[in-house]
Amino acid sequence: MNTSAHPSEEILDIVDENDEVVGRAPRGEAYARGLRHRAVFVLARDVEGRVFVHRRTATKLVFPSLYDMFVGGVVGAGESYDDAALREAEEELGVRGLPRPVPLFKFLYEASAPAPAGGPEPVWHTWWSAVYEVRCELPVRPQAEEVAWHRFLPESELEARLDEWEWVPDGLAAYERLRREREH
């Protein structure tokens, strides 16, 4: 959905605590001002059930160079969660023709993060997060601008790495919720 020259210029719907649209703003402004918006998280599995795990590039606007067990991103202005989940999964995995990701649950992510380099104050992150799962039976060619490293890992290896690698905090929060959902 990004039709602008730079990701920070992409227009996002700004939402309230009930996930109702209350305005619009460029992504860079939404991040800088801690405006609540929407995001999707897609757990991608290969034919063997392994999970796509990757390290984000150093140029990402949020959580650069950290590991993630989800592909995904922001939901563009006027875009549905379902459409964003499919778009983001295909973009980040570098494939076309994925089945529609299956919605699992939605939650409000809120946390403060350290100030960016040179910034005086911590940044507030808040977004409604829709979590999905998809099976990818196609060979992946991850987007070089988004993914610095990737592997499909058995879930047991992913679990073993949770305390070893530095993970994106929103993805880790989504994964913890997913684990709790599976237990019930």
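# Exercises on a predicted protein chain

From the N terminus on, the elements of the protein chain follow the order β-β-α-β-β-β-β-α-β-β-β-α-α. The model is a predicted one, and the exercises below go from the whole chain to single residues.

## Exercise 1: the whole chain

Work out how many helices and strands the protein chain has, and why its radius of gyration agrees with that of a compact globule.

Solution. Begin with the secondary structure, which comes to four helices and nine strands. Next take the length of 184 residues, for which a compact globule would have a radius of gyration near 16 Å; because the protein chain has 16 Å, the two agree. Then turn to the extent of the C-alpha trace, which spans about 40 × 35 × 35 Å along the principal axes. Finally, consider the contacts with a separation of 6 or more, of which 63% are made by residues 24 or more positions apart.

## Exercise 2: surface and charge

Describe what share of the residues is buried, and how the positive and negative side chains are placed.

Solution. Of the 184 residues in the protein chain, 49% are buried. The chain exposes about 9300 Å², and carbon and sulfur atoms supply 50% of that area. For the charges, count 22 positive and 34 negative side chains, and note that the centres of the two sets lie 2 Å apart.

## Exercise 3: strand E3

Determine which residues of strand E3 point one way and which point the other way, and find the strands that E3 is joined to.

Solution. In a regular strand the side chains alternate between the two faces of the sheet. In E3, His-37, Ala-39, Phe-41, Leu-43 and Arg-45 point one way, while Arg-38, Val-40, Val-42 and Ala-44 point the other way, and all are buried. As for its neighbours, E3 runs parallel to strand E8 (residues 123-135), to which nine bridges join it, and the partner of His-37 in E8 is Trp-127. E3 is also joined by four bridges to strand E6 (residues 71-74), here in the antiparallel sense, with Phe-41 opposite Gly-72.

## Exercise 4: strand E4

Find how many residues of strand E4 are buried, and with which strands E4 pairs.

Solution. Strand E4 covers residues 51-56, and five of its six residues are buried. E4 pairs with strand E9 (residues 147-153) in the antiparallel sense over six bridges, one of which sets Arg-56 against Val-147. Two bridges join E4 to strand E5 (residues 67-68), again antiparallel, and there Arg-55 stands opposite Tyr-67.

## Exercise 5: single residues

Decide whether Val-102, Asp-19 and Ser-65 are buried or partly exposed.

Solution. Val-102 belongs to strand E7 (residues 102-113), and because its relative accessible area is 47%, it is partly exposed. Leaving out residues up to four places away in sequence, Val-102 touches Val-131, Tyr-132 and Glu-133.

Asp-19 sits in the loop between strand E1 (11-15) and strand E2 (21-26), and its relative accessibility of 8% is why Asp-19 counts as buried. Asp-19 is not a glycine, yet its phi is positive, at about 65 degrees.

Ser-65 is found in the loop between E4 and E5, and with 24% relative accessibility it counts as partly exposed. The phi of Ser-65, near 65 degrees, is likewise a positive value in a residue other than glycine.

How values were computed:
Residues are numbered from 1 along each chain as its sequence is written. This is a predicted model: local features need pLDDT of at least 70, side-chain atom pairs count only at pLDDT 80 or more; totals for chains, interfaces and linings use all residues. Side-chain values use heavy atoms; hydrogens and water are left out. The radius of gyration is taken over C-alpha atoms; the globule rule is 2.2 Å times the number of residues to the power 0.38. Buried means under 20% relative accessible area, exposed over 50%, partly exposed in between (1.4 Å probe, protein chains only). Contact means heavy atoms within 4.5 Å. Accessible areas come from the Shrake-Rupley method with a 1.4 Å probe; for residues, only the protein chains shown count as cover. Lys and Arg count as positive and Asp and Glu as negative; His and the chain ends are not counted. The place of a charge is taken as NZ of Lys, CZ of Arg, CG of Asp or CD of Glu. Two strands pair if DSSP finds at least two bridges between them.
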